[in-house]
Amino acid sequence: MSAGRVSEGAGWVSWWGFSPARNLLSLGPVKSDGEMNVLLVGSGDPRHILKTIMDSPVEQNLHMWVIESSMDVVARQLLLLYVTLTSQEKMGINERTEVFLELFGNTEIRSQTEETLRRAASQLILSVTETMEDPMNACLNTTLLKFKERDELARIFKLWIQQTSPVIMSKAWDYRVRQHLGTRYDSKKGCFDWDLTMKLHEKGCGVISKQQYVQWRGKGLAFEMREGIYQTTNPTLLSTRVFNKKGDKIGIRGYWGDIVSSPYLSFGIESDDKKLLKTQNGQHLNTAQDISFANLQELFRSLSSRRRRLSASHTDTEAEEAPTLSQQKSLNDLMHLSGVSVTFLPLDSLQKLPQKQKYRHYFNSVYFSASCVHQLDPMMGQIAAPDAVLVVELAKYILDLNKEQEAGFAETVANLALKAGFEPWCEGASDGVHAVFVQQKK
């Protein structure tokens, strides 16, 4: 056995991000009046989308545009948004939070969650195969995707509905851990503990408890919120990776995401409610799981209130737009948020947006994840609004990088931003998690 493949911890597919949820319109000097268009490239999960919607005034029109690097990730984004938007009548806030976190961060789920997943996947198949010009829900807009991409989404959703998974998740996870640790596999608990205390805790993530982190590193179970049997493979965390074997390309289905940084980063290490971050005798009173749960509950409550205000103040034009039968069916299950849309763009669309008149100087805020920063090119300036802010996720929480590599990554990001016509925003102190840039003064 080798000494391991240290660089493989972050994986090849971004099932979650390497940074906490942020209101993207609060970063930098964005003027958040009127209609706002926000472009997210490779965010991996809906954390920034949900936080930005939650913190925006209800009267603001907010349009989120999403580009991902694979249709597997788009499918998961749609699923997690679907769960988020499920109405209180269909699923209470507690249950919705549990289901969201299980699907989001657990390699294995409870049988009840599997049932919910199947129902959601069936509805999502309808939404991506409908040929209507308007989406069934403005926050699940796939109408601009290519036909082959929508077919691929339908294929993925059908895989989720299958009764039995062809992959034994515990074996797929263990394979990754063995590949990553190599000869250190036999002392894996010590390796997990080191990454937690010397890396995550040193970087300010003290709320991630040893018990929960070690369990996630060992089995891929991040969120166990109640006494239940977590033994059904979570098919939303499976994807196909192509290997080159003696000149032949072979696709292997398995778990190819992060096995080191953890899904706790997205919703579980920060909170607007500072009571959740309290310590006693140097120990945190709440864990990252507790904080993830509380943050999502607050988020879901906020979105529900946005929905109620909409139904209480229908405009004449909204009343005139009678929904179709299929839309009416989905209206009963999902909340429709006032003035908010989430639109998924084709995987290869970033390079094509500057060629389309509609998107010229269009986006008020542009976000790039650490895994997609290589796509940041000089053409970006053409689709950014004159006062646009560029936000780039840094490598602070990619644990396999050392300090020099982390600093080198930040330098690369700054150089790419400069070539695209952006300079660092000097008024905000950097937290090392995101770099914020504004357009260069002409």
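Where does L62 lie? L62 is placed in strand β2, which covers residues 62-67. The model is predicted.

- L62 is buried, at 0% relative accessibility.
- Leaving aside residues up to four places away in sequence, L62 touches L25, M36, V38, T52, I53, S56, G339, V340 and S341.
- Two of these partners, V340 and S341, fall within the span of strand β9, residues 340-344.
- L62 and L85 are 23 residues apart along the chain, and 16 Å separates their C-alpha atoms.

**S341 in strand β9**

- S341 belongs to strand β9.
- S341 is buried because its relative accessible area is 12%, and buried means under 20%.
- The S341 side chain makes a polar contact of 2.7 Å with the side chain of H63.
- Beyond residues up to four places away in sequence, S341 touches L62, H63, M64, A138 and C139.

**S369 in a loop**

- S369 sits in the loop that runs between β10 (363-368) and α13 (380-383).
- S369 is buried, with a relative accessible area of 1%.
- The side chains of S369 and S371 are joined by a polar contact of 3.1 Å.
- With residues up to four places away in sequence not counted, S369 touches V41, G42, S43 and E393.
- One of these, V41, falls within the span of β1 (36-41).

**Salt bridges**

- The whole structure holds 21 salt bridges.
- One of them pairs the side chains of R22 and E270, at 2.6 Å from N to O.
- R22 is in the segment before β1 (36-41) and E270 is in the loop between α9 and β7 (279-280), so this pair ties together parts that are 248 residues apart in sequence.
- R22 is buried, with a relative accessible area of 12%.
- E270 is partly exposed, with a relative accessible area of 32%.
- R22 and E270 also belong to a network of salt bridges that includes D431.
- Another salt bridge joins the side chains of E152 and R155, at 2.9 Å from N to O.
- E152 and R155 both lie in helix α5 (residues 147-161), 3 residues apart, or about one turn of the helix.
- E152 is partly exposed, at 26% relative accessibility.
- R155 is partly exposed as well, with a relative accessible area of 41%.
- D174 and R178 meet through their side chains in a salt bridge of 2.9 Å, N to O.
- Helix α6 (residues 169-181) holds both D174 and R178, which are 4 residues apart, about one turn of the helix.
- D174 counts as partly exposed, at 22% relative accessibility.
- R178 is partly exposed too, with a relative accessible area of 35%.

**Second largest pocket**

- The second largest pocket contains about 370 Å³ of space.
- Its lining has 21 residues, and K51, E270, S271, D272 and N295 are the closest to the pocket centre.
- E270 in this group is also the salt-bridge partner of R22.
- Helices α1 (47-55), α9 (264-267) and α10 (288-312) each supply at least two lining residues.
- The most comes from α10, with 4 residues.
- By type, the lining of this pocket divides into 10 nonpolar, 4 polar and 7 charged residues.

**Cavities**

- The structure has 3 cavities of 30 Å³ or more.
- About 60 Å³ of space lies in the largest cavity.
- The largest cavity is lined by S127, E130, M132, D134, P135, M136, L140, T142, T143 and R150.
- The lining of the largest cavity divides into 4 nonpolar, 3 polar and 3 charged residues.
- R150, one of the lining residues, falls within the span of helix α5 (residues 147-161).

Key:
Residues numbered from 1 in each chain as written. Predicted model: local features only at pLDDT ≥ 70, side-chain atom pairs only at ≥ 80, totals over all residues. Heavy atoms only, no water. Buried < 20%, exposed > 50% of the residue type's maximum accessible area, 1.4 Å probe, protein only. Polar contact = N/O pair within 3.5 Å; in protein donor to acceptor, adjacent residues only side chain to side chain. Contact = heavy atoms within 4.5 Å. 1 Å grid on protein atoms, 1.4 Å probe; cavity = no way out; pocket = protein on both sides within 12 Å on 5 of 7 lines; lining within 4 Å. Points joined across faces, edges and corners; volume = space filled by probe spheres on them. Nonpolar A, V, L, I, M, F, W, Y, C, P; charged D, E, K, R; others polar. Salt bridge = Lys/Arg side-chain N within 4 Å of Asp/Glu carboxyl O.
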